[in-house]
Amino acid sequence: MRIDGYAGIEDYALIGDGRAAALVARDGSIDWMCLPNLDSPSVFAALLDVNGGAFVVQPDVPFESSRRYLPDTNILETTFRTDAGVVRLIDAMTLPDGRLAPMRELVRSLEAVSGRVPMRWRFAPRFDYGSSAPRFETRAGVPVAVYRTEALALRHWDAGTPTYRDGGIEGRFECGDGARSMFALATAYGEPLVLPSRADAEDRLQRTARFWQTWAGGLQYGGPWADAVRRSALVLKLLIFAPSGAAAAAPTTSLPEDIGGERNWDYRFCWIRDSNFMIEALIRLGCWDEARSLFWWFMQATAITEPRLHVLYRLDGGVGFSEQTLPLAGYRGSHPVHLGNSAVDQTQLDIYGALFETAWLYSEGHHAIDTDTGVVLGRIADHVCDIWRRPDFGIWEVRNGPFQFTHSKVMCWVALDRAARLAARGELPRRHASRWRQDADAIRAFVEAHCWSEEIQSYTRAALGDGPPQLDASLLMLPLVGYGDPRGPRITGTIDAVVRMLRHGDFVYRYLVADGLSGQEGTFLNCSFWLASALARNGRVREASDLMGVLIGRANDVGLFAEEIDPHSGAFLGNFPQALVHLALVNAAVAIRDAA
Amino acid sequence: MTLFASEVVGGFAGTLVLTTMTRSASELGLTRVDLPFLLGTAVTENRRKAKAFGYCLHFALGVAFALAYGAFFDTIGWSSWWLGALIGAVQALFTGTVLVNVLLPIVHPRMGTPDTAANEVTLLEPPGFLMLNYGRNAFLVSLTGHILYGAIVGWVIRL
């Protein structure tokens, strides 16, 4: 069911190969795909503009559909049921197998289950975020969409005779009697096209399925909600940009936090704080290679600016980008559509805590921090001592700051606490360790004196000023990063206050105060999972388990989560699927299992 | 000084200046290019050992390139510092577009390439075209360093 041509955000599923990714709608339309990389310009952008380009394969008669991922894979199976019969569509991005293959390859394989179903397909790419229609050519009988040095070749087998119409290629055919049709979209950027044979594409599809099953089979998680944890691990693996090891926050830009509003951001970057959660989750799941790769990327990316850190980095490790507006209509009229993210210029002190927590977890995971890295971390710890008193824009990147955010101060405490502990182990230089410990104590004293409200019996969003005390869901992180006694009265009071003031049904708002932007937003799903984790650390395991069960039940039909959810309608909001939510899910499952 | 000796001395001195310059640029926050580190991590994952190996390998390559410069000068029958600088500029261009952008990721066991997919895990990001993944100034630093290298080699190898 589409509204004004737009599918619900929860109607999408993600496929990918660790370099590029695509969103497939429940009705068989691929509405988002950037090539050749996750953060490249789009070739399909119907997600953000009905004229932005799409690749549709669906019954040509009324249908209902159901979906699943093939077990332990990132290969999507959509089953279409019609009055004429049933067909099954397999969607995947194949992985290279060492033989000559297209630079990126998207395979769509269709199989008749029963009856004879009339099918239609339409391939209408629009390059450079929908701004440029391609020039279509035919090479060796294969339709090819060309734009500058980019080329998309659509090989098709048993899928009718293609015709060119309205800037796209389309066809109709009947799928029945156990027939199998197939499409292979081969892409090339600045190099010659490789046109795959059907046998090669089918072989790569099988090998890709085996790779995902082997990879998922290596996950080390035993505990409740194992299916949700495995699905989260699989989607997180798709968000790790394999050429560099960086982790994208989401594969999309500008899916709105408020339908029709301006809260639309580009998440195709690697945030320092997300990397902390990512490394924690990867270690917990036994993905040592990915954790090590991300830590190496982390230390390389920060090399130019250290001891100062940027909030986010490009997936290739660069920092040179600015926020621009794209000429797309936006999801259901939600514009602007952004390219780039201006949060890069903000001061956000919590990222220093994220870096040191990452280093600590990495070290705890029996990966010794080498001497050179230790020297760099020592310089960064010294920098934290110099800057922790400053106000900042905080974890939520508010646009009306800066403020003396409590969470930021606590994360500076985390930075210096972990630095001192690593120094005690000999993994950081010990020269300034006493200064780090003294400043960590000073931060704790500041938080306890200025960021606690007797009135609401909770830590507050920011250091208390003239106004009434405000709450913020980021305070749920305090027990998760080891600040204070997780079962003590102050943490208990803070959790209770969040439940009392920010919880709406099963979900949690991040805050209820002005942030410099217009419009309302939904409840943040990662905050809801943080609440489950905090409850577990607080000893309220039953309460945490109940909440966890409810939250996992609110995933879409293939187990994915967006950044936010509308607490009234249950519709997803914001970029999709979002790494931070799946990371919070994994870490909450582990926290509850361990507490139980 | 024989031609061979001057090539060795010129190559060593030029590499010394090139390495010092890129290291200084890195310390000044201009680039993340660290050629010894890139070369050394092809041998070991240990960062400190990698840098030690890398420096040795980088100096060896510097001398090898100086031998090639010397052969070229010998072939055309003359040399000068500015001709060396010109060849250094070409070498920087080759390094940024082909050597570390295309060839190094292919042979480096721990470096990703644009084709690296989910079924591989790498430790080093590829440098990218003109090494721009390592910072916007990466190529300028490399170009300046290689021009200085070429000028020194051209000046030392006086035919």
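The dialogue below reads a few features of a predicted model.

User: What should I know about numbering and cut-offs first?

Analyst: Residues are numbered from 1 along each chain as its sequence is written, while chains are lettered from A and ligands numbered from 1 in the order in which they are written. The model is predicted, so local features need pLDDT of at least 70 and side-chain atom pairs count only at pLDDT 80 or more, whereas totals for chains, interfaces and linings use all residues.

User: What confidence scores does the model have?

Analyst: The model scores ipTM 0.84 and pTM 0.93. pLDDT is the predictor's confidence in each residue, from 0 to 100. For chain B the mean pLDDT is 90, with 99% of its residues at 70 or more. Among the elements of chain B, helix 5 has the highest mean pLDDT (94) and helix 2 (residues 35-40) the lowest (87). Helices (H or I, at least four residues) and strands (E, at least two) are DSSP runs, numbered from the N terminus.

User: How do I read the packing of helix 4 and helix 5 of chain B?

Analyst: Two packed helices are described by the angle between their axes and the distance between the axes. Axes are lines fitted to C-alpha atoms, for helices over the stretch in contact, and angles run from 0 to 180 degrees between N-to-C directions. In chain B, the axes of helix 4 (residues 81-107) and helix 5 (residues 138-156) come within 6 Å and cross at roughly 145°. The residues of this contact comprise 14 nonpolar, 9 polar and no charged. Here Ala, Val, Leu, Ile, Met, Phe, Trp, Tyr, Cys and Pro count as nonpolar, Asp, Glu, Lys and Arg as charged, and the others, Gly among them, as polar.

User: How many residues of chain B are in contact with chain A?

Analyst: Contact means that C-beta atoms, placed from the backbone, lie within 7 Å. By that rule 26 residues of chain B are in contact with 30 residues of chain A. The chain B side has 8 nonpolar, 11 polar and 7 charged residues.

User: Is A:G222 buried or exposed?

Analyst: A residue is buried if 20 or more other C-beta atoms, placed from the backbone, lie within 10 Å of its own, exposed if 12 or fewer, and partly exposed in between. A:G222 counts as exposed because it has 8 C-beta neighbours inside 10 Å. A:G222 lies in the loop between helix 2 (198-217) and helix 3 (226-239) of chain A.

Conventions. Two residues are in contact if their C-beta atoms, placed from the backbone, lie within 7 Å.
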